[in-house]
There are 2 protein chains.
Amino acid sequence: MKTKPKRLPYELIAFDADDTLWVNEPLYHRSQDTLEEILTDYLESRELRRVLYRREIENLKIFGYGVKGFTLSMIETAVELTEGKVRGEDIQRIIDVGKALLRSPVTLLEGVVETLQALQGHARLIIITKGDLFDQESKIARSGLADYFEECEIVSDKSPETYARLMRKHKVDPDKFLMVGNSPKSDILPVCELGAATVWIPAQATWEHEDADETVMNASGCLRLASMRELIPALNQD
Amino acid sequence: MKTKPKRLPYELIAFDADDTLWVNEPLYHRSQDTLEEILTDYLESRELRRVLYRREIENLKIFGYGVKGFTLSMIETAVELTEGKVRGEDIQRIIDVGKALLRSPVTLLEGVVETLQALQGHARLIIITKGDLFDQESKIARSGLADYFEECEIVSDKSPETYARLMRKHKVDPDKFLMVGNSPKSDILPVCELGAATVWIPAQATWEHEDADETVMNASGCLRLASMRELIPALNQD
């Protein structure tokens, strides 16, 4: 992709990070596979993922997003499903799954580096991501992408209010703002609500909680792309 | 304390939050007492706090600061000290200790409200705090203090680089900046290093990791006060 962007109608382009710039959700899926292996001695049932998901949602309002809360939810699920019989060593293995997740290498998605390079100097670029402050900062540093961005905004929730606050902070009107992300619920719909432009690049795997109705997405007015590689060509067609 | 500040030599006054604006460390101590009670069936020894502290420090570079990392460290300590014999129900009790910590009411320290009221309009006020993004935002909201502050900066580490970045961001020179906090290591020494003014208000309890040498503190040039009540009178004496 050598294409350079034409004169862009946007002053500020914001990118989501997890599953937009780099692989994330598949790592969580792999962690759940490991949890299933750890609990295989105790459980016959296939109900693990359902119970874990329910527990994660319940805990979201206490823990917020991120790996540490997910790890605590895995432990609670293990205690619940084994009726307290889970062994200490297996609890430690679950914590080690969480630690591995926090340390796993950052794998960039295809087209990300080329796209950011091409956009340099044509618009201000920022990251808007939610999750653990410490974990997200560490991933941004390890990704090698930090220098492309004017600022990395790590927020606890991606509501329309959050986006409105960030637009004010970065002194940009909604009609000069573009958000690029994979999550309908967090990256696309709240930004559409403010009348700003959005590019939706669905990830191969998206956390159930972040998913949205296909009809809603079609009505949202977002531009849907298959990969980051398509972003510059799409912007040039505008 | 009705005293109004005279013309202040500072444009921006930053406050640490935990144990500067509100009670925090005593809640962690109480959690450790509960952990001790939970593990009393398994342990005779008094080594719990030592092992927990060692584990917390080890985990700091993986988890960062905050309650969720502390909870995971409590669980690891329980598994280690009971040699894996800790029961599932007791693991759940430890997680519940962490959840209670995340939900505990915010108790303001004495003189905080009056001081912030008196400073209103005389300098720009911000919070600089480290820890879990979600937890800190929630405490700021529950404290009722948010409106006194122009911005709340939640950072993953309080290094001289962090403070220098925040001074640039808030467009203030070090000689017009004052930091008020309880932790020598996080609030005072890195700010002194940049040549800015500091007020040290030691808390009744400070986490061991945040403590510093008395001699170092005397040499640092910080102003030491016994309580937030003394801040305005001290500024007026300058």
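Two strands are said to pair if DSSP finds at least two bridges between them, and helices (H or I, at least four residues) and strands (E, at least two) are themselves DSSP runs, numbered from the N terminus. The structure described here is a predicted model, in which local features need pLDDT of at least 70 and side-chain atom pairs count only at pLDDT 80 or more, whereas totals for chains, interfaces and linings use all residues. Residues are numbered from 1 along each chain as its sequence is written, while chains are lettered from A and ligands numbered from 1 in the order in which they are written.

Strand β1 (residues 12–15) of chain B is joined to strand β4 (residues 177–181) of chain B by four bridges in the parallel sense, and in β4(B) the residue B:M179 is the bridge partner of B:A14.

Within strand β3 (residues 151–155) of chain B is found B:V155, which counts as buried because it has 21 C-beta neighbours inside 10 Å. A residue is termed buried if 20 or more other C-beta atoms lie within 10 Å of its own, exposed if 12 or fewer, and partly exposed in between, with C-beta atoms placed from the backbone. When residues up to four places away in sequence are not counted, B:V155 touches B:I128, B:K130 and B:T162, contact being defined by C-beta atoms, placed from the backbone, that lie within 7 Å. Between B:V155 and B:L133 the C-alpha to C-alpha distance is 8.1 Å, although 22 residues separate them in sequence.

Chain A likewise contains an open sheet of six strands with parallel pairing, in the order β3-β2-β1-β4-β5-β6. Its β3 (151–155) and β6 (223–224) stand at the edges with a single partner strand each, so one side of each is left without a neighbour in the sheet. Strand β2 (residues 124–130) of chain A is mostly covered, six of its seven residues being buried. This strand, β2(A), pairs in the parallel sense with β1(A) over four bridges, A:I126 being the bridge partner of A:A14, and with β3(A) over five bridges, where A:C152 is the bridge partner of A:I127. From β2(A) the chain crosses through α6(A) to β3(A) in a right-handed β-α-β crossover, meaning that, with the strands pointing away from the viewer, the path from the first strand over the helix to the second runs clockwise.

Between the chains, 29 residues of chain A are in contact with 29 residues of chain B. On the side of chain A that touches chain B, α2 (48–63), α3 (67–81), α4 (88–103) and α6 (133–143) each supply at least two residues, and α4(A) gives the most, with eight residues. The residues of this side divide into twelve nonpolar, eight polar and nine charged, where Ala, Val, Leu, Ile, Met, Phe, Trp, Tyr, Cys and Pro count as nonpolar, Asp, Glu, Lys and Arg as charged, and the others, Gly among them, as polar. Chain A is superposed on chain B by a rotation of 180 degrees with 0.0 Å of shift along its axis (RMSD 0.0 Å), which is the relation of a two-fold axis.

Conventions
Contact = placed C-beta atoms within 7 Å. Least-squares fit on C-alpha atoms with pLDDT ≥ 70 in both.
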